[in-house]
Amino acid sequence: MIHSSRRLPGSLFRFGVVRPFSTSKDDPTSPIPVVSTVASPDERSHHIDAGSSIRKPVSLWPGMYHSPVTNALWEARSRIFERPGDSPGDGEGELVPRTPSRSRTSVLYKFSEDYILREQYRNPWDEIRTGRLVEDLDALAGTICFKHCYNDDGTTRPLLLVTASVDRMVLKKPIFLDTDLEIVGAVTWVGRSSMEIQLEVIQATEETDNHSDSLALTANFTFVARDPETGKSAPINQISAETEREKLLWEEAEERNKLRKKMKELKRGIEKTEEDLSRLQALLSEGRVFCDMPALADRDSILMKNTCFENSLICQPQQRNMYGRIFGGFLMRRAFELAFSTTYAFAGAAPRFVEVDHVDFLKPVDVGNFLRLKSCVLYTELDNPAEPLINVEVVAHVTRPEQRSSEVSNKFYFTFTVSPEALGNGLTIRKVVPATEEEARRVLERMDAESSQLGK
């Protein structure tokens, strides 16, 4: 389900002003130009149609993960390899600065006229299935990375392009299932071996005439390039911003990159201050009452461990991407749907999605891995009775029974709320309290991460 974005005081969106990738000189609200997945930078063509290959048998890269959008994207991308001499070779290839327009790509969902496509994205409440949309965002981000790194002369070095993290996936307005939808994105920032891709989900209606009113969701993906033989980071084409807006987007992405590095350094460990210990003890105080004197515990609170759910799966060959690893979008969808179910059971009403706070892809997931997804409600924010916020953590563990080993591969953080109608019928969202220091530490880390975003 869909809900409006979490907001700052004064009705400002939590992450600041959203800027489109580029605009015409005459009309700042005009749609951005679109480059198809297969065309060269100078060839403008139609959008990629999300439903174009639903009714066709897909023989491209058989056995690899398919969804309506990955089918369309891979079918379009395959035409590059159909041109003689244009498949990526083993040569070094010269690194050439690319403009954001070089990688700009869009996917069009013709929901208004394509019943079969619409049914693929319908959830039980007759609204859009957000997990599948999140899955598509990762697929499109991967194609955009490919276009940025691919050289037209066929000398592109083989690279592994891996999703490193997702930040700021924020819902701006409800998304409807009976109205055409477009996802458009481009590379906005490049480091030595990493790049940030900004994606926008746009849904125009009769009431929305300009870009800001049509913007439904924004997301920032970070990808890294690896050498397929050594696994080490590999340099990629730099970016050359053309317009003032593109330069501004680059500066904003640079600030986010610096913030990510700063947060990692802080995590690595600075000793806990007295203030940190005091916050930890305050969080644990109610949990100790639950454990030691349960009859006296606050009836409007619940222990974190009593909000937990999990599921498990064996990663199948059909779920792999073109690099032989499990498709990141598939993992994101499974995590989202578990978080949704966790929130549903916790709140007692169907949740409404607000945002993906953060996703870390710590280790790759391979075919045959035994994956366990564990979720819990970390904490709730109840300051605004009209919009209580439920923060959910999902941690993916790769388990290898033969080796008696288990390690964390992915961490996901989602925020949901519930509908005003449910609250109007007397629904109450409970406070979640940790019972152990490890649980309290996880809560504080997320709260601090949230505060750092708000304070930027």
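A: Happy to! Let's start at T436, which sits in the loop between strand 13 (431-433) and helix 10 (437-454). Please keep in mind that this is a predicted model. How accessible is T436? Its relative accessibility is 35%, so T436 counts as partly exposed, a class that lies between the buried cut-off of under 20% and the exposed cut-off of over 50%. Now look for L280, 156 residues away from T436 along the chain: the C-alpha atoms of these two residues are separated by 9.7 Å.

With that spot in view, let's step back to the protein as a whole. It has ten helices and 13 strands. Among its contacts with a separation of 6 or more, 76% are between residues 24 or more positions apart. Of the 456 residues in the protein, 52% are buried. The protein exposes about 21100 Å², and carbon and sulfur atoms supply 51% of that area.

How many disulfides does a search of the whole structure find? Take C149, which is in no disulfide: the nearest cysteine sulfur belongs to C145 and is 6.4 Å away, while a disulfide needs a pair of cysteine sulfur atoms within 2.5 Å. C149 has a relative accessible area of 9%, so it is buried. C315 counts as buried too, at 1% relative accessibility.

How values were computed
Residues are numbered from 1 along each chain as its sequence is written. This is a predicted model: local features need pLDDT of at least 70, side-chain atom pairs count only at pLDDT 80 or more; totals for chains, interfaces and linings use all residues. Side-chain values use heavy atoms; hydrogens and water are left out. Helices (H or I, at least four residues) and strands (E, at least two) are DSSP runs, numbered from the N terminus. Buried means under 20% relative accessible area, exposed over 50%, partly exposed in between (1.4 Å probe, protein chains only). Contact means heavy atoms within 4.5 Å. Accessible areas come from the Shrake-Rupley method with a 1.4 Å probe; for residues, only the protein chains shown count as cover.
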